[in-house]
Every structure is written in C-alpha cells, then in structure tokens.
Amino acid sequence: LVPLPSSPPSAPTCRGLAPSLPEQGQVNTSGPKLPLATLHPASSSCAAMARIFSVLLLSLLLLLHSSGVLGAPPQPRGTLCRTKPTDLVFIIDSSRSVRPHEFEKIKVFVSQVIEGLDVGPNSTRVGVINYASAVKNEFSLKTYHTKAGLLQAVRRIEPLSTGTMTGLAIQFAISRAFSDSEGGRARSPNFNKVAIVVTDGRPQDGVQDVAARARAAGIEIFAIGVGRVDMHTLRQMASEPLDDHVDYVESYSVIEKLTHKFQEAFCVVSDLCATGDHDCEQVCVSTPGAYRCACKEGFTLNSDGKTCSACSGGLGSALDLVFLIDGSKSVRPENFELVKKFINQIVDSLEVSDKQAQVGLVQYSSSVRQEFPLGQFKNKKDIKAAVKKMSYMEKGTMTGQALKYLVDSSFTVINGARPGVPKVGIVFTDGRSQDYITDAAKKAKDSGFRMFAVGVGNAVEDELREIASEPVAEHYFYTADFRTISKIGKKLQMKICVEEDPCECKSIVKFQSKVEDLINSLQQ
C-alpha cells in the first residue's frame with residue numbers, strides 16, 4: 001500500500017469526483033473510476049492525492065475481496081440465525097366474526113412463522129389450538145416433528161364459526177397443550193414455552209386470571225389483536241413488557257406483516273449485524289456477541305451511538321421539507337401521538353435555519369389544514385413544539401385533495417418556499433384514499449418535488465407507489481404496526497437530505513481518514 005500524505009492540502013479544490021468507499025458487504029474488483037483528466041489544472045495537489053487514493057483503494061478492495069469486509073469471510077444470511085428450542089402453541093380465534101377468507105390469512109401467518117423455526121423433537125415443537133365457543137386441539141406439540149408435516153396440518157385447519165371463549169382456550173393450553181402427555185417439556189432455562197393468541201373480538205369469558213396463571217407457569221404470551229378487538233383484553237393476556245408482547249393490525253389482510261417480528265423473537269443471533277437485528281441507521285460493525293454503529297462517508301455518528309447526522313450544514317444542505325399527515329379517524333389518538341414522534345425524529349436530523357432546512361406541516365382528513373408553513377419556525381425546538389401541539393382532525397381520508405394542496409400551496413413562495421432549493425414531500429397515511437390521487441401525485445413529481453410515501457396498517461400499497469418518486473423502492477415505505485414507524489424514520493433521515501459536494505479537497509481528506517481506519521481494522 002502507498003503511504004498516505006501526512007498533512008492535507010489546504011486551498012485547491014477538485015473538479016472531478018472523489019472516490020468513495022463501497023457499501024459494507026459489496027466489492028468492486030474493477031477498482032475506482034476516477035476521472036483524473038477532468039481535474040482543474042490548478043489542483044495539482046488534489047490530482048496527486050487522487051492518484052494515491054486510486055492505487056490505495058484498489059489494493060484495499062483486493063484485500064476485502066479475498067478476506068471479506070473487515071477481515072471476516074462472507075457468510076450467507078440464512079445461516080446466521082437459529083431458533084432457541086421452544087414449545088410453541090398458537091391459540092387462534094375462529095369465531096363467527098372471522099370470515100373464511102380472513103381465517104386463511106391467519107393460517108398463512110402461522111405457516112410463515114413456522115417456516116422460520118428450527119423444528120424437531122430436540123429443538124422447537126409446535127401445536128395449534130383452534131377455538132370459538134369450544135376448543136379444538138388441532139395438533140399437539142408431539143404430533144409433528146418436521147416442518148413439512150406442520151405446514152400440511154395447518155393447511156387442513158377449518159374455522160369453527162361460533163362464539164369467542166378466549167379464556168377457555170388459554171386454560172386448555174395450561175392444562176393440556178403444554179402438558180407432558182401432549183409433548184410439553186418440563187420447565188427449564190434451556191428452552192421457552194410460548195403461546196401466540198390471535199383474536200379479533202371481545203371474549204365472552206374472563207381472561208385476566210387464567211392468563212396470569214399461564215404466565216406464572218412459565219408460559220410467555222404474545223397477544224395479537226385484529227380490527228375491532230378489545231385492546232384492554234390483549235393487555236390483560238400478554239406478558240411483560242407489553243410493548244413487545246401486544247400487537248395490533250387493522251385487518252387480517254396485513255397480519256402476515258408481523259411474521260418477521262416473531263421470527264426475530266425466536267431467533268438466537270450469532271451475528272447481529274448480518275441478521276439485521278440492530279438499531280444502526282447506516283453501518284453496523286460486528287463484535288463478539290455484540291455490535292457497534294458507524295456512519296457512511298460524509299455523515300457523523302450522533303450522541304445516541306446509533307443514528308447519523310444526514311445534513312451537516314454545508315452549502316448543499318438547503319432543503320424545503322413539507323410533511324403531509326393523515327389525521328383520519330382510522331389512525332386513532334394513541335397512534336397519532338406516535339406519528340408526531342415520527343415527524344420530530346426526522347426534524348432532529350436536520351440543520352434548521354434560513355439558509356439550510358425549512359419545515360412545513362399539513363394535516364388532512366376530510367379537509368386539508370396547514371399546521372404551519374415553510375420558514376415559520378427558525379429552529380428545531382420551535383418546530384418540535386408546534387408538532388406536539390397539533391390537534392387530531394379525526395375524520396375521512398382525502399389524500400388526493402391533500403396532494404393537490406401540497407402542489408398548489410405548500411411549495412409556493414407565499415408559503416415560505418425558496419426558489420432553486422430542493423423540495424421534499426413526505427406523505428404519511430394509514431388507509432385507502434377516499435378520492436382520486438393519480439393526477440395530483442403525478443403533478444407533484446412532474447414539478448420536481450421529491451416525494452416519499454409512508455404507509456401503515458391498512459394503507460394501500462398501490463397508492464403509496466403512485467405517490468412515491470422514482471426509484472419507487474427508495475421512496476416508498478410500509479409497516480403493519482404504528483410502533484415500528486421509528487425504523488422508517490431512521491431510513492428517511494439519511495435519504496431526504498442533499499449531501500455536500502464530494503469534490504472538495506476536504507472530502508478527500510475525510511476519505512483518507514476513513515481509509516486509515518479501515519486499514520487499521522484489517523491489520524487487527
């Protein structure tokens with residue numbers, strides 16, 4: 001490797017492109033492509049640095065190619081996670097309120113969770129209880145010891161279509177489903193006993209006492225509610241902490257979105273970075289039994305040790321950002337508070353000032369209401385305070401009307417927009433629009449606005465894709481649960497900001513430091 005210069009150049013700036021490090025896990029064996037012929041004639045020191053970095057980076061990439069990133073050999077994602085031995089019993093509601101096609105969605109969800117398990121007599125055993133007014137033991141923990149056998153059995157389950165005796169079903173799980181005679185193993189720290197309850201209504205019997213007995217017997221209970229379920233009942237059933245054990249979805253059509261959560265819950269992770277089970281916004285670096293977070297070139301790790309500052313306040317970071325927030329009745333008051341936290345999470349990543357980022361906020365339901373225009377607030381503190389004070393409209397879902405307002409009003413000079421500054425819109429919705437969105441969505445993108453679409457729960461994915469800018473995969477986000485929108489917020493933080501010009505010599509000096517750190521890691 002060619003040694004790096006001991007001191008950075010001061011004045012000249014490059015007119016070509018500075019080389020950039022590859023994403024973690026990616027290797028470009030052809031080496032960097034640096035257009036040296038386009039360098040400014042006066043920038044001889046930058047040209048010299050660029051040549052040095054070209055040789056250095058090629059050598060570095062060859063090392064990465066042979067040894068894996070940071071000296072670790074590449075490993076396939078699927079082999080990095082195994083499930084802890086578990087006695088798992090699904091307790092599924094098939095009362096008359098669950099329609100046949102909805103019951104099929106439950107079976108798909110159960111099957112997908114099973115797909116992610118290590119099934120066997122000495123690993124994970126699975127049983128299913130089907131209940132309505134009565135309880136039916138579909139199959140026990142001892143019945144099937146292969147994944148294929150379990151999946152075939154799940155496909156054969158039929159709904160009972162009577163009442164909703166949830167307490168009776170939990171009692172059956174305690175007295176029979178987890179018993180020795182049905183394949184249950186004695187209580188031990190070496191494996192888990194888990195029950196997943198799926199229901200869509202208010203039970204016709206009591207659940208609090210029987211659920212407490214189940215938890216006292218060492219059974220961990222996850223409670224999934226659908227549609228008009230009684231949330232108080234879910235909290236009475238579930239284990240602590242409730243945030244991890246109570247889940248809600250608007251309809252059975254999106255219940256399978258929870259599959260990943262349960263696959264993670266049963267996973268014993270050997271590489272937290274490789275399996276995605278971490279909170280790092282940009283780069284995750286594995287350490288034995290743990291991990292640490294890092295940032296991409298041009299970003300700085302924040303004090304929380306997880307997120308990165310996407311906008312560093314350079315000349316290129318001017319931005320006009322408007323949030324378009326669904327305040328319809330389907331959102332519900334408690335979820336609307338989570339939406340406000342989501343907005344402020346993104347605001348936290350911005351450098352707010354007259355010359356940098358400006359933020360506006362619009363709420364819509366059956367009508368459209370501008371909460372505050374671009375530029376009204378000059379700092380993050382005032383913006384976040386205004387967001388927290390926003391009242392919930394709680395009516396319909398006129399997304400098309402809201403998009404038209406964004407185009408015709410929000411990004412106009414009279415409402416604080418600045419000519420020549422990039423315009424970004426973030427549309428947040430949880431349901432199907434009650435009006436036509438195509439024309440307004442197209443006009444927004446044709447006007448040069450960069451549009452992000454964020455959907456939760458019953459949001460219609462086709463509508464979200466229609467709103468999102470190209471490439472759609474980078475501008476469209478969906479989650480089934482309001483409590484997970486903070487993860488989307490982390491992704492948006494790094495996407496909405498306009499980065500600084502990478503051609504300045506100071507960026508090459510940053511690159512030099514990054515390479516030195518990477519070489520040190522390789523040597524270790």
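**Notes on the predicted model**

1. Among the elements of this protein, strand E3 (residues 125–131) has the highest mean pLDDT, at 96, whereas helix H1 (residues 44–67) has the lowest, at 46.

2. Two stretches call for caution. The pLDDT is below 50 over residues 1–46, a stretch that has 82 contacts in the model beyond near neighbours in sequence. Over residues 498–508 the pLDDT is likewise below 50, and there the contacts beyond near neighbours in sequence number 26.

3. Turning to the sheet, six strands form an open arrangement in the order E15-E14-E13-E16-E17-E18, and the pairing is mixed. Strand E15 (368–372) and strand E18 (476–479) each have a single partner strand and stand at the edges, so one side of each is left without a neighbour in the sheet. From one strand to the next, the twist averages 20°.

4. Both kinds of pairing can be followed in detail. Strand E16 (residues 423–429) and strand E17 (residues 450–456) run parallel and are joined by six bridges, with valine 427 standing opposite alanine 453 in E17. E14 and E15, by contrast, run antiparallel and are joined by four bridges; a hairpin of three residues leads from E14 to E15, and glutamine 363 stands opposite arginine 369 in E15.

5. Which strands does helix H11 lie across? Helix H11 (residues 399–410) lies across strand E13 (319–326), strand E14 (357–364), E15, E16 and E17, and its direction makes an angle of about 155° with E13.

6. Helix H9 (residues 333–347) packs with helix H10 (residues 380–389) at an angle of about 170°, their axes lying 9 Å apart. Since angles over 145 degrees count as roughly antiparallel, H9 and H10 are therefore roughly antiparallel to each other.

7. At the contact of these two helices, H9 contributes Lys340, Ile343, Asn344 and Val347, while H10 contributes Lys380, Ile383, Lys384, Val387 and Lys388. How many of the residues of the contact of H9 with H10 are nonpolar, polar and charged? The contact of H9 with H10 divides into four nonpolar residues, one polar residue and four charged residues.

How values were computed. Residues are numbered from 1 along each chain as its sequence is written. This is a predicted model: local features need pLDDT of at least 70, side-chain atom pairs count only at pLDDT 80 or more; totals for chains, interfaces and linings use all residues. Side-chain values use heavy atoms; hydrogens and water are left out. Two strands pair if DSSP finds at least two bridges between them. Axes are lines fitted to C-alpha atoms, for helices over the stretch in contact, and angles run from 0 to 180 degrees between N-to-C directions. Contact means heavy atoms within 4.5 Å. pLDDT is the predictor's confidence in each residue, from 0 to 100. Angles under 35 degrees count as roughly parallel, over 145 as roughly antiparallel, 65 to 115 as roughly perpendicular and the rest as oblique. Ala, Val, Leu, Ile, Met, Phe, Trp, Tyr, Cys and Pro count as nonpolar, Asp, Glu, Lys and Arg as charged, and the others, Gly among them, as polar.
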